[in-house]
Amino acid sequence: MAIALSIKNLEKTYDTGFQALKGIDLEVEQGDFFALLGPNGAGKSTTIGIICSLVNKSSGTVEIFGQDIDKNFSLAKKDLGVVPQEFNFSMFEKVIDIVATQAGFYGLTRSQALERSEHYLKKLGLWDKRNEKARFLSGGMKRRLMIVRALVHEPRLLILDEPTAGVDIELRRSMWEFMQEINDAGPTIILTTHYLEEAESLCRNIAIIDQGKIVKNTDMRSLLTQLSAETFILDTRNELEKAPVLENYSVKQIDSKCFEVEVEKDQNINNIFEQLNQKGIDIVSMRNKVNRLEELFVSLVENTSVSEKEDVKDGVSV
Amino acid sequence: MSWREKWIAFNTILSREIRRYMRIWLQTLLPPAITTGLYFVIFGNLIGSRIGEMGGFDYMEYIVPGLIMMAVITNSYANVVASFYNTKFQRHIEEMLVSPLPNYIILVGYILGGVSRGIIVGIIVTIMSLFFTDLSVDNIPITITVVFLTAILFSIFGFINAVFANSFDDISIVPTFILTPLTYLGGVFYSINMLPDFWRSVSMANPILYMVNTFRYGILGVSDINVTWAFIAIIVFIVGFFMFALHLLNSGRGIRS
């Protein structure tokens, strides 16, 4: 499988002396739907900024489909599309002009640009707004406009930096479907998001970045199997005075009609229901306490913070 | 990118620039016409009739080339500084930075955007001047070339100012404290031969004097300075400042962290 993005020993130290990236290595395969996650200030945006030439790197190499962004700048950039976190289009221009102008920057003729603009604006439900000035669009529409703009030159690698931030649930779901559709058609997608549910349902592979280092880089399935325990919340039909005692399970009462059960990786859920049946307790609904990926994410990021603190305590330069 | 793609990309930047100042023509094209019209009425008609001849011409005839050149200089400069700073401020410069556009195409696109506005305003002011005086052009190639080169040079200055600017205040400092005084002292309204020797020598250090006089030479056939040297100076300035602007863009000064 070809490599869509290859990052080697990427470092970035800002003028202030802050080291945002401490030697990152990352490979994303062609056709992948890849999640790049990390807490705020972890180095995600710096990494994306360097890939897109918005940030100057201190050292290291970045290749897009084998083309070095320093040596073969134009070839590398032709295959790249970016949806940034913040709105970065002229608020005074018309929607159609913003999209067609972007196509022009990639060398598409005006007629090709207008044809593609029409296609993608229709696809993302913005065709009716084509003659509106961008500042009159709603927040969700502005986000979709940035997606259209990133797609108009039909890149092979698409970076989506929190594309659904501030978008309502219904629209977010339709955008997920659209992103999946894009990925199914061939382009590789790298997604950063704070909605871990989004990453879990869309992405096949994942890297977690924290304090300028990659702390995990694996496929989503293997990562999720690393969860040692999951917590389920169960709602009962009748009120309970106290949490039921379940053999081999840790149970905690939340309120009179609700309690949580921790299930270890080697345990099963059937056994919980057998014990509850014997006790005559009716369960009406059941759900995860938190998103599974969220649980792992928090534990990985917490681990990094602890080891960083220990390094500092031991006098190791970090 | 192939040369064809680069050509399309360049045209995209240029047409966006033209679209921008045409969209706000009330702020970009109309004010210079009104201001210069007032100059013609006040300095040309009312005061000029009492001044008499200058350099062998009516005062009105004498100041027309200078006023046209002043409009070209201020508008080519203002277009690029405002447009490029806005692009930075609204962050849509990122649209170009993420694309495969080479930096020199971005630079040339913005410069020619400024040149186009400078020339359009120059034409508007020239048409205005026809209401006040008869205008004949003594040397068409020199006239056209010097306008074009001057507009290029001041568009480059505007670009450099925009790169260094960190606020809207920064884009008005250069026009207010450098460009306007140099333009007024650059022989727009008078011949430097009227000045005492010392101030005449000081005036020779003003680059705008060379452009105004070369343009005046093209239209009236008279100049206070050597036209050949003026052309050489303008071209050297263009090459030097173009390279400097390109270096700023390549290094990411003010646009990349």
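Arg91(B) is partly exposed, because 17 other C-beta atoms lie within 10 Å. The cut-offs behind that word are simple: a residue is buried if 20 or more other C-beta atoms lie within 10 Å of its own, exposed if 12 or fewer, and partly exposed in between, with C-beta atoms placed from the backbone. Arg91(B) sits in the loop between helix H4 (59–89) and H5 of chain B. Its phi is near 70 degrees, a positive value in a residue other than glycine. Helices (H or I, at least four residues) and strands (E, at least two) are DSSP runs, numbered from the N terminus.

All of this is read from a predicted model, in which local features need pLDDT of at least 70, side-chain atom pairs count only at pLDDT 80 or more, and totals for chains, interfaces and linings use all residues. Residues are numbered from 1 along each chain as its sequence is written, while chains are lettered from A and ligands numbered from 1 in the order in which they are written. For chain B the mean pLDDT is 90, and 100% of its residues reach 70 or more. Here pLDDT is the predictor's confidence in each residue, from 0 to 100. The model scores ipTM 0.86 and pTM 0.83.

H4(B) has 31 residues. From first C-alpha to last it reaches 44 Å, close to the 45 Å expected at 1.5 Å a residue. That expected span is 1.5 Å times one less than the number of residues. H4(B) is largely enclosed by the rest of the structure, because 28 of its 31 residues are buried.

Now go to helix H1 of chain B, where Phe10(B) is found. Phe10(B) counts as partly exposed because it has 19 C-beta neighbours inside 10 Å. Leaving out residues up to four places away in sequence, Phe10(B) touches Ile105(B), Val108(B) and Gly109(B). Two residues are in contact if their C-beta atoms, placed from the backbone, lie within 7 Å. Leu101(B) is 91 residues from Phe10(B) along the chain, yet their C-alpha atoms are separated by 8.8 Å.

Next comes the contact between the chains. It takes 20 residues from chain B and 25 residues from chain A. On the chain B side, helix H1 (3–23) and helix H5 (93–97) each supply at least two residues. H1(B) gives the most, with five residues. The chain B side divides into eight nonpolar, six polar and six charged residues. In this count Ala, Val, Leu, Ile, Met, Phe, Trp, Tyr, Cys and Pro are nonpolar, Asp, Glu, Lys and Arg are charged, and the others, Gly among them, are polar.

Cross over to helix H3 (residues 95–105) of chain A. This helix is mostly covered, with 10 of its 11 residues buried. Among them are Val95(A), Asp97(A), Ile98(A) and Phe105(A). What do the buried residues of H3(A) pack against? They pack against helix H4 (110–123) and helix H5 (139–151) of chain A, together with H1 and H5 of chain B. Just after H3(A), Gly107(A) takes a positive phi of about 85 degrees.

Widen the view to chain A. It has 10 helices and 14 strands. Its C-alpha trace spans about 75 × 55 × 40 Å along the principal axes. Of the 318 residues in chain A, buried residues make up 38%. Among contacts between residues at least 6 apart in sequence, 66% join residues at least 24 apart. Chain A is divided into domain 1 (3–219) and domain 2 (227–292), with bounds that come from an automatic or database domain assignment. Their centres, taken over C-alpha atoms, are separated by 41 Å.

One sheet of chain A deserves a look. It is an open sheet of four strands in the order S2-S1-S4-S5, with antiparallel pairing. Strand S2 (19–29) and strand S5 (67–68) are the edge strands, each pairing on one side only. Two strands pair if DSSP finds at least two bridges between them. Strand S1 (residues 3–13) and strand S4 (residues 59–64) of chain A pair in the antiparallel sense over five bridges. Glu11(A) stands opposite Ser59(A) in S4(A).

The last stop is Gln211(A), in the loop between strand S9 (205–210) and strand S10 (213–219) of chain A. Gln211(A) has a positive phi of about 50 degrees although it is not a glycine. Is Gln211(A) buried or exposed? Gln211(A) counts as buried, because it has 20 C-beta neighbours inside 10 Å.
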